[in-house]
Amino acid sequence: MRMWVRAGQLAVMLAAVLWTQCVLLEGVDAAKKSRKKLKETSPQQTETFNTTLSNSEEVDGSTKTPEHQRVDPLGSWMDFVKRPVGNFPGKCRKKKRPLPGPSGPPGPPGPQGPPGSPGAEVTQEVLLQEFKEMIKEATERRAAVARQISPSLLPPTLMTLETMTSYRRIEEAFHCKLKGPVVIDKKTLMELQNFQMAPAKGAFLRGSGMDQSTGRFTAPVTGIYQFSANVHIDHNEVKRSKSQLRARDNVRVLICIESLCHRYTSLEMIVGLESNSKIFTVSVQGLLELQVGQYTSIFVDNAAKASITIQNGSDFMGMLLGV
């Protein structure tokens with residue numbers, strides 16, 4: 001009996017569940033049909049649905065789009081393009097920067113910095129050496145280009161700067177002439193004095209070494225000097241003498257150091273008196289090394305048995321070649 005009671009209760013419960021599901025399914029079908037019928041009967045209102053909200057409405061979020069409205073993309077884009085610019089939020093606007101005004105006066109100068117390290121000392125010898133190297137390099141490069149162009153030709157001669165004669169000012173030099181005639185007796189050695197610089201153009205007197213009154217040149221520095229002398233001799237008295245000329249009758253012209261012609265090296269020229277002319281010239285020239293303070297002068301040694309006369313205009317020349 002109890003089993004039949006339990007079976008009846010289960011049947012009632014199953015019937016209630018099935019009836020509930022049938023009611024729910026009918027409600028869902030009715031909702032679908034009503035939605036479909038609403039879509040077919042109501043026209044599309046694009047303008048109303050595509051109305052663009054203002055910035056304030058977008059920010060506040062108070063207006064919400066209906067759930068079943070369709071959105072037209074083209075219309076939305078056109079509304080966005082045509083929207084007024086002034087309605088953008090303040091943070092999106094460009095801030096106008098003020099124009100820069102005129103510059104003010106310059107400020108005071110800053111403190112002086114620490115001194116730099118001393119540079120290398122550039123002397124004249126260093127500059128000359130660098131110039132020589134530049135000339136040599138340019139000459140060799142030019143010769144190499146010439147050999148590439150015409151290898152059959154001989155390379156041009158390379159002339160270095162050392163082989164070129166440097167033009168420099170001569171500090172010590174003189175060219176003087178004897179003022180008047182000087183008579184030298186027989187068997188006499190005499191020093192020529194009383195010179196002057198010739199008034200004609202071409203004569204020169206540089207430096208302070210030459211004393212024209214004494215006829216002596218004093219070396220201002222130790223070095224090599226070049227000297228020359230042209231002595232014009234009148235031996236008319238010798239020719240007038242009744243005695244016949246001997247082989248030892250001659251005249252010596254010397255340029256001596258410190259008037260010591262036999263102690264120091266001297267420049268010497270010996271000429272015999274056999275000449276038929278009335279006046280003849282004896283020339284002597286050469287190089288001497290002088291120490292600072294030493295002097296040189298011209299000596300004439302008359303070994304004849306009669307007097308001779310040294311004519312005015314006889315030359316005495318000298319110059320400093322180098323130290």
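A: Let's start with a term: two strands are said to pair if DSSP finds at least two bridges between them. Keep in mind as we go that this is a predicted model. Our part is strand β1, which covers residues 173-178.

Which strands does it pair with? One is strand β5, residues 205-206, joined to β1 by two bridges in the antiparallel sense. If you look for Ala 173, you will find that its bridge partner in β5 is Arg 206. Another is strand β4, made of residues 195-197, which runs antiparallel to β1 and is joined to it by three bridges. In this pairing, Lys 177 stands opposite Gln 196 of β4.

Is β1 mostly enclosed or mostly open? Five of its six residues are buried, so the rest of the structure largely encloses this strand. To read that, you need one cut-off: a residue counts as buried when its relative accessible area is under 20%. For the chain as a whole, buried residues make up 22% of the 323 residues.

Now let's step back to the setting of β1. The chain holds 14 strands along with six helices. Take the contacts between residues at least 6 apart in sequence: 74% of them join residues at least 24 apart.

Side chains of opposite charge can pair when their charged atoms come close. Arg 252 and Glu 268 do this in a salt bridge, at 2.8 Å from N to O. Arg 252 belongs to strand β9 (residues 250-257) and Glu 268 to strand β10 (residues 267-272), so this pair ties together parts that are 16 residues apart in sequence. Arg 252 is buried, because its relative accessibility is 18%, while Glu 268 is partly exposed at 37%. Salt bridges with shared partners also bring in Asp 301, giving one network of Arg 252, Glu 268 and Asp 301.

You can compare this with a pair inside a helix. Arg 141 and Glu 137 form a salt bridge whose closest N and O atoms are 3.7 Å apart. Both sit in helix α5 (residues 124-149), four residues apart, or about one turn of the helix. Arg 141 is partly exposed at 48%, and Glu 137 is partly exposed at 49%. Across the whole structure, a search finds six salt bridges.

The outside of the model has something to show as well. Leu 74, Trp 77, Met 78, Phe 80 and Val 81 make a nonpolar surface patch of about 530 Å². Trp 77 lies in helix α4, residues 73-81, and counts as exposed with 51% relative accessibility.

Finally, how confident is the predictor? The average pLDDT of the chain is 77, and 69% of the residues score at least 70. Over residues 42-63, however, pLDDT stays under 50.

Terms used: Residues are numbered from 1 along each chain as its sequence is written. This is a predicted model: local features need pLDDT of at least 70, side-chain atom pairs count only at pLDDT 80 or more; totals for chains, interfaces and linings use all residues. Side-chain values use heavy atoms; hydrogens and water are left out. Buried means under 20% relative accessible area, exposed over 50%, partly exposed in between (1.4 Å probe, protein chains only). Contact means heavy atoms within 4.5 Å. Patches are made of residues with over 30% relative accessible area and no salt bridge: like charges are joined within 9 Å, nonpolar side chains (Val, Leu, Ile, Met, Phe, Trp, Tyr) within 5 Å. Accessible areas come from the Shrake-Rupley method with a 1.4 Å probe; for residues, only the protein chains shown count as cover. A salt bridge is a side-chain nitrogen of Lys or Arg within 4 Å of a carboxyl oxygen of Asp or Glu. pLDDT is the predictor's confidence in each residue, from 0 to 100.
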